[in-house]
Amino acid sequence: MNLTERRERYRAVLACDQCLHPASLFDPISARIAEDLGFGVGMVADSIASFASLGAPDIIGRSRNEFARQIHRTWRASALSLMFDADHGYGNALNVMRTVEELETAGVAALTIEDTVLPRSFGSGGEEQLISLEEGVGKMKAALAARQDPALVIAGRTSALRSSGIPEAITRAK
């Protein structure tokens, strides 16, 4: 199954009226196990991927390229459609474009870009901060512009519910 077919299969999952749970993946063997168990979609989150490769929490200590290589190895091991949590896209809009290019080439069917300031600013007291709405829109436009395969799903996500409340979360999600 080629990449576009995996991406189209992922889009079909999004379009269905059932709630499906993706397998939580972190390496090629977890992808094979998930496929053997009957999963069709897998999700690779930075948190578990960091623990699997570094034995350390996700504090943005790994590069985009390290994750892209891990995704590629995981993708090659099974026929699952992979979704990847690309955090904040590893920087500004130009970095987001590069992130999309790297992850698309690595084999993801979908990726998410969030509006959180990462890594957290020194002096923030560990509290989550959000980028401006305008910057978030710019990052999403950059992500879509960088996509080569129109079947690749790019989803925005927000942490505004925790830090700013429901109205701000709705505005950002739109």
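**Ground rules.** Residues are numbered from 1 along each chain as its sequence is written, and side-chain values use heavy atoms, with hydrogens and water left out. Since the model is predicted, local features need pLDDT of at least 70 and side-chain atom pairs count only at pLDDT 80 or more, while totals for chains, interfaces and linings use all residues.

**Sheet.** I looked up the strand order first. Five strands make an open, parallel sheet, running S1-S2-S3-S4-S5. Strands here are DSSP E runs of at least two residues, helices are H or I runs of at least four, both numbered from the N terminus; two strands pair if DSSP finds at least two bridges between them. S1 (23-25) and S5 (153-157) are the edge strands, each pairing on one side only. S2 (41-44) and S3 (81-85) pair over four bridges, and I found glycine 42 bridged to leucine 82 in S3.

**Helices on the sheet.** H1 (3-15) packs on the sheet and touches S2, S3, S4 (110-114) and S5; contact means heavy atoms within 4.5 Å. The direction of H1 makes about 75 degrees with that of S3. H6 (133-146) touches S4 and S5, at about 170 degrees to S5. Angles run from 0 to 180 degrees between N-to-C directions, with axes fitted to C-alpha atoms, for helices over the stretch in contact.

**Salt bridges.** The whole structure has eight, counting a Lys or Arg side-chain nitrogen within 4 Å of an Asp or Glu carboxyl oxygen. I went for arginine 157, which bridges aspartate 87 at 3.9 Å between the closest N and O atoms. Arginine 157 lies in S5 and aspartate 87 in the loop between S3 and H5 (93-106), so the pair ties together parts 70 residues apart in sequence. Arginine 157 also meets glutamate 114, at 2.5 Å, N to O. Glutamate 114 is in S4, so this pair with arginine 157 in S5 links parts 43 residues apart in sequence.

Which of these are buried? Aspartate 87 is, at 3% relative accessibility, and so is glutamate 114, at 8%. Arginine 157 is partly exposed at 33%. Buried means under 20% relative accessible area, exposed over 50%, partly exposed in between (1.4 Å probe, protein chains only).

**Helix H8.** Glutamate 168 bridges arginine 172 at 2.7 Å. Both sit in H8 (166-173), four residues apart, about one turn of the helix. Glutamate 168 is partly exposed at 28%, whereas arginine 172 is buried at 16%.
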